[in-house]
Amino acid sequence: MEQIKTSFDFEKPLVELAQQIEKVKQVADKTKVDMSATLTELEEKLADTQQTLYTHLTGWQKVQMSRHPERPQTLDYISMICDDFIEMHGDRTVKDDKAIIGGFATIAGQTVMVIGHQKGKNTKERQYRNFGMANPEGYRKALRLMRLAEKFNKPVISFIDTMGAYPGLEAEERGQGEAIARNLLEMSVLKVPILCFVIGEGASGGALGIGIGDRVYMLEHTWYSVISPESCSSILWRSWDFKERAAECLKLTSDDMYQNQLIDGIIKEPLGGAHQNPELMGATIKEQIISDLKEIKKLKTDAMITKRIDKFCAMGVVNES
């Protein structure tokens with residue numbers, strides 16, 4: 001593992017082992033003493049600890065991983081996956097919402113429409129992007145681009161990473177709920193393939209607004225839920241102190257979502273998270289996109305739409321014997 005720049009409390013054992021390895025290397029350089037046996041032992045211990053730690057993360061720990069400041073975002077994946085990208089702006093009604101980006105791109109020779117949330121990497125960019133929380137015009141821009149993709153018969157790829165739709169008064173005045181509901185309706189019957197990837201946080205209607213697709217995937221260390229653990233905790237217990245308990249109760253991890261048949265698959269992340277090896281993560285997603293588009297394009301349009309609708313209608317249905 002590379003030197004850990006930002007770590008969480010549960011990663012403390014890894015940080016300590018990495019520091020020990022660095023110290024042993026420094027001693028070996030200064031004294032010219034052969035420390036290879038010690039280094040090998042420590043590196044093996046680090047690898048074992050990593051494997052154990054990251055394969056047994058709790059719900060709250062996965063929420064933390066999804067929020068890692070170095071985690072790749074939509075623009076990062078576009079630069080890694082796409083050969084070119086032409087960003088398109090505005091909803092032709094109000095303004096250009098910077099929290100959602102989109103445009104035509106080329107992936108392995110195929111033209112696609114890419115749409116996704118963009119949070120920003122630093123304070124200034126996060127303010128510019130409104131922390132990835134879209135206003136109604138953001139969802140209307142996404143819908144405009146999806147209709148454009150449909151017009152030219154190009155697949156839609158969406159990257160989901162948001163704390164939720166913007167909850168401000170002005171957003172409600174401009175029809176936040178209607179904008180998201182309209183997207184759900186339109187995406188369910190869109191006549192081109194749609195692939196959705198939860199690459200970070202998938203919170204509430206803000207995520208659903210671009211989350212209806214023929215295939216919906218979650219990266220291994222992401223979450224998808226009707227509400228964030230902090231908000232759930234504040235509602236149920238009047239305090240954020242129970243956010244860890246809320247995360248477990250919400251069943252929001254990729255494993256929980258797949259087990260409950262709410263997503264189509266889980267995309268494995270590099271050991272330690274997508275931020276440890278963004279290039280590998282991007283290549284994995286690209287491979288999945290190419291494979292799925294090849295498969296979905298074999299279906300006739302009506303059959304594809306029917307299958308998409310049936311998949312979402314079946315969610316939550318319980319058959320009592």
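Which residues does Val-24 touch, not counting residues up to four places away in sequence? I listed Met-35, Thr-38, Leu-39 and Leu-42. I note here that the model is a predicted one.

**Entry 1: Val-24 and its helix**

I placed Val-24 in helix α1, which covers residues 12–31. I then checked its cover. Val-24 has a relative accessible area of 12%, so it counts as buried, the limit being under 20%. I also took a distance from Val-24 to Ser-36. The two are twelve residues apart in sequence, and their C-alpha atoms lie 9.2 Å apart.

**Entry 2: helix α2**

I moved on to Thr-40, which sits in helix α2, residues 36–54. Is Thr-40 buried or partly exposed? Its relative accessibility is 38%, so I logged Thr-40 as partly exposed. I looked at Tyr-54 next, also a residue of helix α2. Tyr-54 is buried, with a relative accessible area of 3%.

For Tyr-54 and Lys-23, 31 residues apart along the chain, I read 25 Å.

**Entry 3: the whole chain**

I counted 14 helices and eight strands in the protein chain. Its C-alpha atoms fill a box of roughly 70 × 55 × 50 Å along the principal axes.

Why do I call the radius of gyration consistent with a compact globule? A compact globule of 321 residues would have a value near 20 Å, and the chain has 21 Å, so the two agree.

I checked burial too. Buried residues make up 50% of the 321 residues. I then looked at contacts between residues at least 6 apart in sequence. Of these, 72% join residues at least 24 apart.

The surface came next. The chain exposes about 16,100 Å², and carbon and sulfur atoms supply 52% of that area. For charge, I found 41 positive and 46 negative side chains. The centres of the two sets lie 5 Å apart.

**Entry 4: the nonpolar cores**

I recalled the general expectation before looking inside. In soluble globular proteins, nonpolar side chains tend to be buried together.

How many residues does the largest nonpolar core have? I found 31. The residues with the most contacts inside this core are Met-113, Ile-115, Tyr-139, Met-146, Val-156, Ile-160 and Tyr-224. I then sorted the core by element. At least two of its residues come from each of β2 (100–107), β3 (110–117), α6 (136–151), β4 (156–162), α8 (176–188), β5 (194–203) and β6 (215–219). Helix α6 gives the largest share, six residues.

**Entry 5: positive phi**

I searched for positive phi in residues other than glycine. Asn-153 has phi near 55°. I located Asn-153 in the loop between α6 and β4. Asn-153 is exposed, with a relative accessible area of 57%.

Where is Gln-261 found? I put Gln-261 in the loop between α12 (254–259) and β8 (265–267). Its phi is positive, about 60°, although Gln-261 is not a glycine. At a relative accessible area of 65%, Gln-261 is exposed, because the limit for that class is over 50%.

Terms used
Residues numbered from 1 in each chain as written. Predicted model: local features only at pLDDT ≥ 70, side-chain atom pairs only at ≥ 80, totals over all residues. Heavy atoms only, no water. Helix = DSSP H or I, 4+ residues; strand = E, 2+ residues; numbered from the N terminus. Buried < 20%, exposed > 50% of the residue type's maximum accessible area, 1.4 Å probe, protein only. Rg over C-alpha atoms; globule rule 2.2 N^0.38 Å. Contact = heavy atoms within 4.5 Å. Areas by Shrake-Rupley, 256 points an atom, 1.4 Å probe, with all protein chains shown as cover. Lys, Arg positive; Asp, Glu negative; His and termini not counted. Charge placed at Lys NZ, Arg CZ, Asp CG, Glu CD. Core = buried A, V, L, I, M, F, W, Y, C linked by side-chain atoms within 4.5 Å.
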